Structures are given as C-alpha cells and as structure tokens.
Amino acid sequence: MTAILELRNVSKVFGEGLFSRSRTVAVDDVTFSIASDVPAMTAVAGESGSGKTTLSRLLLGVTNPSSGQVLYKGDDLAKLRGERRKQFLLDVQPIYQDPFGVFNPFYRADHLLFAAVAKFKLASSAHEGRRLIEQALETVGLRANEILGRFPHQLSGGQRQRVMIARALLPKPRVILADEPVSMVDASLRATILESLRALNRDFGISILYVTHDLTTAYQICTNIIIMYRGSVVEAGTVEEVIRSPKHPYTQLLIDSIPRMRAVRNWELEEEEETTDAASDTRPSAGCKFAARCPVAMEKCWKQVPSLYRTSEEQIARCFLYEDQAVFKEADIAKTFARPQPEPMHSYESSQQMP
Ligand code: SF4
C-alpha cells in the first residue's frame with residue numbers, strides 16, 4: 001500500500017507560546033495514512049474536543065504539527081514548493097461544515113466555481129470552463145440552469161453544500177476531507193449530500209475522510225471508522241464491527257446512548273451530562289485518558305497509558321481490557337483498514353435505526 005497522505009507520530013499542541021496560560025493537546029501522537037491505491041471511505045468520529053477537526057486541518061496543511069510529520073506522497077507537507085505543492089492542492093480538496101460562510105454574498109454562485117477553474121488552470125477557454133462546471137454540478141445532482149447566475153441567498157443550504165462538493169470535484173482530486181459536511185444542513189437534505197459523497201468514492205475512486213460527531217451518518221456511508229478521544233485514536237475498524245460490537249468503553253458508551261437520543265446525537269450538548277454520569281473518580285490520570293469516565297477502570301489504568309490492541313482481524317482498541325491480545329502497530333492503521341467501499345452499503349433510511 002502506498003500512502004497519498006500520512007500523519008507520522010503527529011501531535012498538535014495549542015497554547016505553547018511564551019504568554020499562553022493554558023496548553024491543549026488537540027492531537028496526541030497520531031499515526032494514520034490514506035492509501036493512494038485503495039479508495040476508501042473512512043469516518044473520523046468523536047465528540048467536541050476529540051481532535052478530529054485538527055486532524056483534518058493537519059492533513060490539509062492549514063495547521064502545522066507541533067511534532068511529528070505530515071507527508072504527501074512521502075514528502076513533508078510543510079516543505080512542499082512549486083509543482084509538488086500545486087499537485088497537492090489539486091489532489092486534496094476540503095469540504096467544510098458551513099455552506100453559508102464560504103460564499104461571498106455579493107457574488108453569484110458561479111464565481112466560486114469559475115474561480116476554482118481559473119486558480120487550478122483547469123480549462124483553456126471560458127466555454128470549456130463552463131462545460132467542466134456543468135459536469136461537476138450534474139455529478140452532484142444539480143442542474144446548471146438552477147444554480148448558475150444565482151446569488152447564494154437564492155440557493156437552499158443543501159444546494160450550497162452540493163455546489164461546494166462540485167467545486168471540490170473540479171480539480172479531479174484523489175482525496176476529499178469532508179469536515180462535518182451535513183451538520184449545518186437541514187435533516188431532509190442530508191441524505192442527498194451524503195449520497196453525493198458516496199458516489200464520488202464509488203464512481204471516481206476518490207478517498208473520502210468523513211469527519212463527524214454523528215455515528216449514524218458514519219455508519220450510513222463509511223466502510224471504516226476511527227474513534228478519537230481527547231486527541232488519541234481509541235478504537236478503529238470496520239463500521240460494522242465497531243458499531244455492532246464496540247470494544248472500547250468510550251465507544252460502548254457512545255453507542256449505548258444512541259437509542260436514547262434516537263438517530264442523531266448531539267455530543268457537544270451532552271458531554272457535560274455524560275461526564276457527570278460516568279465519572280466515578282476525579283483524580284487526574286497519568287495513564288488512560290478515559291479513566292475518570294470509565295465504568296470499568298482498573299488501578300493500572302490511572303498509571304499506565306494503554307497501547308492499541310488487536311481485538312479481531314478488523315478491529316483495534318486502546319484499552320487494558322484487551323492486553324492479552326497482540327499489540328497493534330499504529331503505522332499499520334491505514335494498511336489494515338484501507339478497503340474500498342463494498343456494495344450495497346446501508347441506506348439512509350435503514351441507518352436511522354442503528355444496530
Ligand atoms: Fe477503561 Fe482502563 Fe480501558 Fe481506559 S484502559 S478504557 S480506563 S478499562
């Protein structure tokens with residue numbers, strides 16, 4: 001397996017400056033890669049403060065690591081220049097959470113699309129540029145005559161987000177990093193947008209990293225899932241195994257709460273309540289970060305940091321409950337879980353009821 005994007009022992013610490021009072025470790029020694037030869041759909045899931053968004057910003061090169069390396073096809077992303085940098089900007093495209101904020105209200109929606117064609121030098125004439133834009137809009141289920149010539153406020157939230165997906169598609173990327181792409185979109189439009197992402201993976205072989213707080217949609221569209229807690233990977237595997245048979249107590253807690261919250265759960269709002277419910281000890285832990293909330297914490301959990309253990313062929317968990325299993329080499333995360341999207345996947349309707 002060759003990696004198009006790779007995090008190697010990456011940590012990101014905020015507030016390290018001379019005058020900073022607080023220090024936050026957003027990403028803590030994470031090793032992870034996205035294969036270039038196996039287009040997969042991988043969810044990175046976690047609640048607010050888990051480090052998932054920082055992880056995607058590191059992969060986009062908009063944030064530099066405090067330690068470790070982010071690599072694009074083996075080269076240090078921070079040192080990329082010239083043609084190599086240009087190729088990276090073509091290959092790796094973001095889709096952001098807010099489909100409103102990225103549009104300039106004074107320009108028509110076309111502006112964003114034609115600007116991308118010009119920036120990446122995708123067409124040799126205005127006519128060819130328009131044809132590419134029409135194709136990209138069609139791919140995400142939009143008709144050009146319904147979009148072009150309109151101002152952002154004349155489009156629905158769902159249309160705006162699909163225009164953003166079309167924009168990301170224009171340079172024919174190898175990887176799309178989608179950070180909470182449906183969290184600000186009306187529930188009735190989520191299915192169409194998520195289906196667009198899935199189609200890009202299936203039909204164009206684009207790897208999708210879907211960053212989300214919502215296990216339901218992760219289960220709906222992804223093949224693999226990585227669960228993060230306070231900057232660390234605590235569990236990873238196929239969505240089938242992790243959702244149906246979660247091994248880490250944190251993942252179990254998240255999944256157990258889903259029926260109570262019906263399909264979609266707002267972790268941000270509930271984190272405080274959950275902490276209060278689950279915490280049995282308020283000691284600071286020098287070992288497992290989850291110890292204070294873990295209902296089965298043991299004495300050693302407070303003193304030692306657990307490794308990742310392989311709990312099955314396709315699942316790993318960072319927890320002492322599995323220390324009789326083989327230790328998993330973090331560098332192998334992508335190699336082990338890089339698998340293409342099988343068909344059929346879960347439908348949006350069926351995924352409203354988690355297993
Ligand atoms: Fe709980 Fe210990 Fe496992 Fe951490 S290592 S999740 S505290 S049992």
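The expected span of a helix is 1.5 Å times one less than its number of residues. Helices (H or I, at least four residues) and strands (E, at least two) are DSSP runs, numbered from the N terminus. Residues are numbered from 1 along each chain as its sequence is written. The model is predicted: local features need pLDDT of at least 70, side-chain atom pairs count only at pLDDT 80 or more, and totals for chains, interfaces and linings use all residues, while side-chain values use heavy atoms, without hydrogens and water.

Start with helix 7. This helix covers residues 187-204. Its 18 residues should span 26 Å at 1.5 Å a residue, and the end C-alpha atoms are 26 Å apart, so the two values agree. Several of its residues are buried (under 20% relative accessible area, with a 1.4 Å probe and protein chains only; over 50% is exposed, in between is partly exposed). Among the buried ones are Arg-190, Ile-193, Leu-194 and Arg-198. Gly-205 follows the helix. Its phi is positive, near 65°.

Now turn to strand 7, residues 175-179. Five of its five residues are buried. Val-175, Leu-177 and Asp-179 lie on one side. Ile-176 and Ala-178 lie on the other. Both faces are covered.

Which strands pair with strand 7? Two strands pair if DSSP finds at least two bridges between them. Strand 6 (residues 92-95) runs parallel to strand 7, joined by four bridges. Strand 8 (residues 207-212) also pairs with strand 7 in the parallel sense, over five bridges. Ile-176 takes part on both sides: it is the bridge partner of Gln-93, and it stands opposite Ile-208 in strand 8.

Strand 4 (residues 67-72) and strand 5 are joined by two bridges. In one of the pairings, Leu-71 has Asp-76 as its partner in strand 5.

The space taken by the ligand is the second largest cavity. A cavity is a set of points, on a 1 Å grid over the protein atoms alone, where a 1.4 Å probe fits but cannot get out.

Note on methods. 1 Å grid on protein atoms, 1.4 Å probe; cavity = no way out; pocket = protein on both sides within 12 Å on 5 of 7 lines; lining within 4 Å. Sits in = over half its atoms within 2 Å of the grid points.
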